[in-house]
Amino acid sequence: MSTTVVNPSANRRDFLRTGLGLLVGLALPESSRVLAQGRGTVPAKPNAYIHIGADDSVTFIITKAEMGQGTVTSLSQLLAEELDCDWKKVRTEFAPVDPALYGMQGVFGSQSIRTCWTPLRQAGASARAMLIDAAAQKWNVDKAQLRTDTGFVVNPASGARFRYGSLSEAASVLPVPSGVPLKDPKQFKYIGKSVKRLDTRDKVNGKAKFGLDAVVPGMVFAVLARCPVFGGKVASFDATKAKAVPGVKSVVQVPNGVAVIGENTWAAMQGRKALEVKWDEGPVASVNSAGISKMFADYVQQQPGAVAKKTGDAEHALASAAKKVDAVYEAPFQSHSPMEPMNCTAVVRADSCEIWAPTQMQAGGRNAAAQITGLKPEQVKLNTLFMGGGFGRRGGVDYISEAVEIAKTMPGTPVKLTWSREDDMQHDLYRPASYVKFSGGVDAEGWPVALTAKVACPSFFGGRPGAVDSTAVEGIHTLEYTIPNIQVDWRKADPGIPTTFWRAVGYTQNTFFAEAFIDELAAAGGKDPVELRRRMLGNSPRLRAVLDKVAEKSNWGKPPAGRHQGVALVNNIGSFTAMVAEVSVDKGKLKVHRVVCAVDCGHIVNPAIITQQIESGIVYGLSASLKGAITIDKGRVQQGNFNTYEVLRIDEMPQIDVHIVETDNHPGGVGEASVPPLAPAVANAIFAATGKRLRRLPIRPEDLA
Amino acid sequence: MAITFTLNGGKQTVDVNPQTPLLWVLRDTLGMTGTKFGCGMALCGACTVHVNGSAVRSCITPVSGIAGKTVTSIEGLSADTTHPVQQAWIEEDVPQCGYCQSGQLMAAASLLAKTAKPTDADIDEAMRGNICRCGTYSQIRRAIHRAAEIKGAKA
Ligand code: FES
Ligand code: FES
């Protein structure tokens, strides 16, 4: 297949504006989450494009960035389906950042398919209608007689055929029709199929350009010394020794620290080692993990909390329950640690700025650069490159700001700023640590009648003061179980550690808390964990269906000898996911043998990519559940590289079985569907194996002994 | 100091601090960006290249140590993306973000050069030094078995 994914060519904007060949645009809806928080802007103009060249090549302009989640391929499937083009002729390009054309550009919240499902198919259908119109004019026949056939407009009456490429110029000047009917899903030929990813070839021969691979003539290489304590500042520095290091060109101070510029990255890193900086560490220098944990516990004890959910009278119901269970759960900070560390290349000139960045937040990066340079956003050109993973981290634009700050000190010289792995791990924006105190009660028959959850954690997604940050409680207040009395409340506790979205956001810790505690209630009432959940899902047919599927496929209740099962569910990002983990614990050693997952993400675009994403989330969840934790001492992160923050490797990989339960609901996301239920499924399986309740992550060997 | 070595079949001379790791010579001095930086401490495998046919971590290999030797990077694994591991990776659609994959492919190619029919245990042993944060491990395993078949059929 001769498909390539390239960066926007220099004349991309010109072809967008002059309309050589066929162009079709339609407005995309915005992320509901961003809009809900009042941060989004609604696009005023069309923002998704198709270009058909005279040579029949079909170029799709991808407005979403690619971090491995498959957007380049799956968005192309939506367009190709309704356009009825030849998949082998499809190429893609990343769109330039242009809010006027494309609206808000960013990838987060597993939104791409969900928000593009209808608009991109409409764009494809409109383009196809225009090609038919053009053919009807050329043949002078009624367009109603015409059909398309994989890249051709055909006249069944005469057997005549026009290649799309021969029609695209004529079609491009026709009005864009509206309300073109979309295909019946039964006729889909690309959507729902495991078509091959468009970006694979370049990712196996070294050609794919990631952010860190930007090569700009005349470029110099920078690393930045940042205060190891969050919020600290440079007090003073002495660059004498740094400048004496061979290959070091200069040393400059910028708002975030002191930058060392070298003729290559390694020289700059050596220079940074020799640099002497005195830091003003600020108040966070006294913070440590034990203190943070105590802070959370104190808040839960002392503060009433903002109410996120209240159904019935939970306190009263607890008091009269036949049996009561109390438990405290905790989760640590987590680093994103994508394989490609943060980086950005930038050049600042008097009247322009150009950026090459691996970012989930293209528009945000451009705006940050405009602010720093005093240029207008239109004077900033941001080139979207592949991301070597994102997982939420690249929604921040701090690394872009840093590169622009450094480049600003040397106008006209392109600067590539590289974060070392240690920089990346110690200056991440972390998944918040969190703490919850649960109380639950079951009635005389053993069915849950009351649940309270008192949560304390930091907030990065704050709305109005006093309001609940939904990311702090999602996964608990969103539980679909029919428990008659529920109260969930939250206390904002900010120890000064920067936090942000982390793959699956609040569900990552809260689904662990909630689904493990539900298991405790099942045990208290003497119920089977699947049966208990099933019974409480009367109002959630989609969750119940995936639960039934996973129970069947995992052979629930009949694990192989020596192995034990645990189950957990989640409904997030518009999808419904159930998981069973199969583990053994032998002399304190845990092994996860198998993970079975059933997911209902509505209409399926690409089953192979869905399966990949589900597996990917399970591996990410296993790393966070069994391996890594970010801990703080003296205001600093104690981990620095993959020896102190371990992640899952191939030899620890369980067997993973993914079952997609197809429904004709609007598509849900998949990138974040399988992370949340992994930890509770494993913890519940460990309980089945050992009778021990593990209430803090990651699961440590000493907790199993 | 000028150091000469063979890179992907051609002679290369670079004039850099001899302590500079091969990784940064490839990426920054020569602009060959297919080899990736992931950890700088031989912990992740992203920077794997072949030196005289064996897989090495270029992030901890001073360029002085490869004077006169033969280096193959992902760009030189095959002229036209047809090395059996590349074919198998394409068949299996292994990469997600793709960032770790240059290193995975170089490690897998080295494994197959030594072990024509690797078992799962051989794969664990040879590949456990290569991290994939996107979690493509089961596809990597399948692709290595497939590459062994492709290679066997060719031989
Ligand atoms: S960069 Fe060399 S092993 Fe990670
Ligand atoms: S494919 Fe993304 S790190 Fe391996």
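# Salt bridges and an interface: worked exercises

D519(A) is buried, and R693(A) is buried as well, where buried stands for under 20% relative accessible area, exposed for over 50% and partly exposed for the range in between (1.4 Å probe, protein chains only). The model is predicted, so that local features need pLDDT of at least 70 and side-chain atom pairs count only at pLDDT 80 or more, while totals for chains, interfaces and linings use all residues. Residues are numbered from 1 along each chain as its sequence is written, chains are lettered from A and ligands numbered from 1 in the order in which they are written, and side-chain values use heavy atoms, with hydrogens and water left out.

**Exercise 1.** Determine which parts of chain A are tied together by the salt bridge of D519(A) with R693(A).

*Solution.* Begin with the distance: the closest N and O atoms of D519(A) and R693(A) are 3.6 Å apart, and a salt bridge requires a side-chain nitrogen of Lys or Arg within 4 Å of a carboxyl oxygen of Asp or Glu. Helices (H or I, at least four residues) and strands (E, at least two) are DSSP runs, numbered from the N terminus.

**Exercise 2.** Find how the side chains of R533(A) and D519(A) meet, and how accessible each residue is.

*Solution.* The two side chains form a salt bridge at 3.0 Å, N to O. The pair links helix α17 (residues 529-535), which holds R533(A), to helix α16 (residues 507-525), which holds D519(A), across 14 residues. R533(A) has a relative accessible area of 0% and D519(A) one of 4%, and both therefore count as buried.

**Exercise 3.** Is D600(A), the partner of R542(A) in a salt bridge, buried or exposed?

*Solution.* The closest N and O atoms of R542(A) and D600(A) are 2.7 Å apart. Since R542(A) lies in helix α18 (residues 541-553) and D600(A) in strand β24 (residues 589-600), their pair ties together parts of chain A that are 58 residues apart in sequence. R542(A), at 21% relative accessibility, is partly exposed, whereas D600(A), at 2%, is buried.

**Exercise 4.** Describe the interface of chain A and chain B by its contacts, its area and its salt bridges.

*Solution.* Count the residues: 57 of chain A are in contact (heavy atoms within 4.5 Å) with 51 of chain B. The buried area, which is the accessible area (1.4 Å probe) that two parts lose on being put together, summed over both, is about 4500 Å², and carbon and sulfur atoms give 57% of this area. W266(A), M339(A) and I650(A) supply 19% of the area that chain A buries against chain B, more than any other three residues. Finally, three salt bridges cross the interface, and D213(A) and K36(B) meet in a salt bridge at 2.4 Å, N to O.

**Exercise 5.** What covers the buried residues of α5(B)?

*Solution.* Helix α5 of chain B runs over residues 137-154. Its buried residues include Y137(B), R141(B), I144(B) and A148(B). Among the elements that cover the buried residues of α5(B) are α19 of chain A and, from chain B, α2 (84-92), α3 (101-114) and α4 (120-127).

Key:
The expected span of a helix is 1.5 Å times one less than its number of residues.
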